[in-house]
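Here are some notes to go with the model, written as one colleague to another. Have a look at the structure first, and then we can go through it point by point.

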Amino acid sequence: MNTRLKQVSCAFFALIFLTTAATFAQTAYQPEGLTRKVLSGVQIDLGSATIKDNDGNMLELSAAFPMIQSGKYTMETYVDEQERVREIVLRPSQVAVTVSTSTIDDRQDSSNPLKDELEAIRVKDQALRKLLGCIGSTFGGNSDSDSEEYKYVFSLIAQEDSKNQEQVIKIIDGHGWLGISQVGFFANNALFLVIQHAPVEMQEKYFPLLKESAEKGESRLADMALMDDRIRMRRNRKQLYGSQTTTVNGKNYVWPIEDAQNVDERRKQVQLQPLAEYLKYAGLSYPQDELPAELMK
């Protein structure tokens with residue numbers, strides 16, 4: 001396959017990734033201890049709900065959102081005894097329907113300038129990162145021997161991150177860690193993404209605000225866990241939730257985990273899937289054999 005054809009293929013599959021859904025098995029998963037409820041016209045707070053596929057596998061929002069937009073999946077909502085939405089299950093539709101994303105999390109006035117600004121920042125944070133895998137498969141490179149094209153995209157990401165950090169710091173310093181009830185899920189999530197991609201000193205400064213927001217139900221507990229793990233890894237401490245990996249001599253490893261035998265219980269408390277399920281997508285497992293000296297501390 002020549003380079004031009006590879007580039008066209010890359011663009012095509014990137015488009016597919018952003019606009020269509022994955023294929024689902026037909027196994028019917030049913031949440032336990034929850035009641036299905038039709039919430040027609042009611043806004044769904046994703047901050048307190050987990051999203052799962054038809055087999056009961058937990059989905060990250062980045063995977064679930066294109067599926068919802070495609071209209072090829074129906075959303076079943078399940079509530080607890082207090083009528084709070086706890087699970088959203090995406091099931092393949094028999095007939096494709098049009099799903100308005102505003103029914104998910106657009107509770108705020110569309111004229112809210114902070115919401116609009118943060119949602120735009122979120123797009124800029126994610127856009128180039130979404131294409132990294134495609135660029136790597138086209139030009140090669142995902143380790144120390146990255147291609148020049150791959151390194152160039154990373155340099156663009158670094159430039160964009162710096163601009164995003166400047167904007168987000170002004171917002172946080174001026175308005176605090178804006179919660180889901182103030183700006184909606186995606187704008188709130190933008191705060192996490194930008195600080196998660198910032199220097200560790202910046203993460204340590206703003207992590208207490210994210211933690212407080214998450215404990216109030218105004219940010220995702222999973223976001224809090226991921227930032228906690230990243231700070232610990234960067235400070236050469238063991239992580240708590242097993243979310244962080246590292247590369248040593250071209251090989252990927254899970255960063256060491258504190259009290260590893262109880263990691264799944266901690267992950268459950270912050271609405272993360274079991275560690276083994278999370279790692280299988282990266283071809284990893286934990287515990288690991290033959291750890292390099294850098295990870296044996």
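1. Let's start with a question on contacts: among those in the chain with a separation of 6 or more, what percentage is accounted for by residues 24 or more positions apart? Such pairs account for 65% of them.

2. Please keep in mind that this is a predicted model. The mean pLDDT over the chain is 78, and 71% of the residues score at least 70. Element by element, α8 has the highest mean, 97, while helix α3 (residues 102-105) has the lowest, 41.

3. Over residues 11-26 the pLDDT stays under 50, and the model has 27 contacts beyond four places in sequence for them. Residues 94-109 also stay under 50, with 38 such contacts in the model.

4. Now for the overall make-up. The chain contains 11 helices and seven strands. Of its 297 residues, 45% are buried.

5. The largest nonpolar core has 32 residues, and those touching the most other members are Leu118, Val168, Trp177 and Ile195. Two or more residues come from each of α4 (113-139), α5 (148-175), α7 (185-196), α8 (200-215) and α9 (221-234). Helix α7 gives the most, with seven residues.

6. Once neighbours within four places in sequence are set aside, its contacts are Leu118, Ile121, Leu191, Val194 and Ile195. Of these, Leu118 and Ile195 are, like Val168 itself, among the residues that touch the most other core members.

7. There is also another core, lying apart from the largest one and made of nine residues. Leu59, Ala64, Tyr73 and Val79 are among them.

8. The lining consists of 22 residues, with Thr50, Arg86, Glu87, Lys268 and Gln271 lying nearest the centre. The elements that give two or more residues to this lining are β2 (50-52), β5 (85-92) and α10 (263-269).

9. What classes of residue line that second largest pocket? Eight are nonpolar, eight are polar and six are charged.

Methods. Residues are numbered from 1 along each chain as its sequence is written. This is a predicted model: local features need pLDDT of at least 70, side-chain atom pairs count only at pLDDT 80 or more; totals for chains, interfaces and linings use all residues. Side-chain values use heavy atoms; hydrogens and water are left out. A nonpolar core is a set of buried Ala, Val, Leu, Ile, Met, Phe, Trp, Tyr and Cys residues joined through side-chain atoms within 4.5 Å. Buried means under 20% relative accessible area, exposed over 50%, partly exposed in between (1.4 Å probe, protein chains only). Helices (H or I, at least four residues) and strands (E, at least two) are DSSP runs, numbered from the N terminus. Contact means heavy atoms within 4.5 Å. On a 1 Å grid over the protein atoms alone, a cavity is a set of points where a 1.4 Å probe fits but cannot get out, and a pocket is an open set with protein on both sides within 12 Å along at least five of seven lines; lining residues have an atom within 4 Å of a point. Ala, Val, Leu, Ile, Met, Phe, Trp, Tyr, Cys and Pro count as nonpolar, Asp, Glu, Lys and Arg as charged, and the others, Gly among them, as polar. pLDDT is the predictor's confidence in each residue, from 0 to 100.
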